[in-house]
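These are my notebook entries on one protein chain. I began with the whole chain and then turned to a single residue.

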Amino acid sequence: MSPREHGTGADHLRHEAEKQARAAADEVYQGILARAPEHEIDPSFDRTLAVMELLGDPQKAYRVVHITGTNGKTSTARMVERLVREHGLRTGRFTSPHLSRVTERIVIDGEPISDERFVEIWQDVAPYVHLVDQRSAEKGQPRLSFFEVFTVMAFAAFADAPVDVAVIEVGMGGTWDSTNVADGEVAIITPIAMDHERYLGDTLLDIASVKAGIVKDGATLVLAAQQEDVEGVVLAAAAERGARVVREGVDIAVGERQVAVGGQLITLQSLGGTYTEIFLPLHGEFQAHNALLALTATEVLLTGGRALDPGIVEVAFADVDSPGRLEVVRSSPTIIVDGAHNPAGVEALVEAVEEAFEFHRLVGIVGVMADKDPEGILSLLEPMLAEVVITRASNTRALEVDDLAEVAVDIFGEDRVHVAERLSDALDLAVSRAESEAERGSGVLVTGSILLVAEARRLLGRT
């Protein structure tokens, strides 16, 4: 056999092995999907804790940075992980939801776990998950949910790696979230706004109380700027637990910002001092504030609050990405995707688009989940969009197109609203409408749901 033939044969075997591993991982994923979905919550982490104890408490094998809030959690988690990893420590990162592959949720040293490892982790934890499921059923209680199983798998994977630091994003809320079985040495609370009222409460104060539940005894809390009464709830909870609090606007602040090609130059005034002209390859003022929280948390974790090496900080931030968050996925015309799914997120999105882009004509593609606030979302988008194409993600939770279109017509007027049941058709229609009256500076924005954004990214080849 010639070297070329040998290489071709090896490539074929590797390709077949990858296909088999992917099929096995997909089979495991489908089995986990059959459990209660992550949006159907039984507010308790007792089942997760029971599995953790059977596994020997893997969540205690490494240091933990725990992140909650309403918006900005995933971007902040990615920044913390990148900063910590640039300091030579081995990292784990657990975020949700995923955009392309479920393995994106469990990341070690900046890379999603492989399909093979995904299956191995499930096989390792499955006997203990099934045992707790059985005990729960005997008490007339539900088995572990989809998200609870993934929490177990992530904590087990990080202990087995092993990692030095795990950066953990809550699934929902804080107090009873399954990730709260871990004791975060550092907690981060991003801005709190209305979302998931069915589970978290009907007021900002109720929601703040639940989110403050991630703050553990003696931990350090890095707290984003909040409404005054919301901040009061969080500060009271932190005081009860003897936690140190670092407050944005009091102890730390975002300094100067300047829009740059592909992102922004930012100055951050953190505990350790002032870091100037840091390039962050993400758009929007909100990302500068996320960067401030991430930098401060990393200072606290690694030095107790003293300054980090500015060169290491610059390298780490310059390498940060956050797929699905104000992400440019195509040019001519420019297509942007953003997973904003509540009014607070959309407000930040609108400000960022208007700051970073100069569109003469921008057409929106919007689809939302049935439990969200479509009127609030569309009302904030209306001044920025020339027209809107209403569609839906291919998910049972998605709001029906006709129902969303009815809301859109009330806000935009009938002439500015188009409907497309399929996202692929919505993309084609939005592109044609964007280019119909603008020779230059036309664009398309896909938003309203992270699930819709995930589908758009796949259709546009971003996997």
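What percentage of the contacts in the protein chain with a separation of 6 or more comes from residues 24 or more positions apart? I looked this up and found 72%. I note here that the model is predicted.

Entry on the fold. I counted 15 helices and 17 strands in the protein chain. I then looked up the radius of gyration, which is 22 Å, close to the 23 Å that the globule rule gives for 463 residues, so the chain is as compact as a globular protein of that length. Along the principal axes, I found that the C-alpha atoms fill a box of roughly 65 × 65 × 55 Å.

Entry on burial and surface. Of the 463 residues in the chain, I found that 52% are buried. The chain exposes about 19500 Å², and 46% of this area is supplied by carbon and sulfur atoms.

Entry on charge. I recorded 41 positive and 75 negative side chains in the protein chain. The centres of these two sets lie 5 Å apart.

Entry on Thr303. I located this residue in helix H9, which covers residues 285–303. Leaving aside residues up to four places away in sequence, Thr303 touches Thr298 and Leu308. I also noted that a polar atom of the Thr303 side chain lies 2.7 Å from the backbone oxygen of Arg306.

Definitions and conventions: Residues numbered from 1 in each chain as written. Predicted model: local features only at pLDDT ≥ 70, side-chain atom pairs only at ≥ 80, totals over all residues. Heavy atoms only, no water. Helix = DSSP H or I, 4+ residues; strand = E, 2+ residues; numbered from the N terminus. Rg over C-alpha atoms; globule rule 2.2 N^0.38 Å. Buried < 20%, exposed > 50% of the residue type's maximum accessible area, 1.4 Å probe, protein only. Contact = heavy atoms within 4.5 Å. Areas by Shrake-Rupley, 256 points an atom, 1.4 Å probe, with all protein chains shown as cover. Lys, Arg positive; Asp, Glu negative; His and termini not counted. Charge placed at Lys NZ, Arg CZ, Asp CG, Glu CD. Polar contact = N/O pair within 3.5 Å; in protein donor to acceptor, adjacent residues only side chain to side chain.
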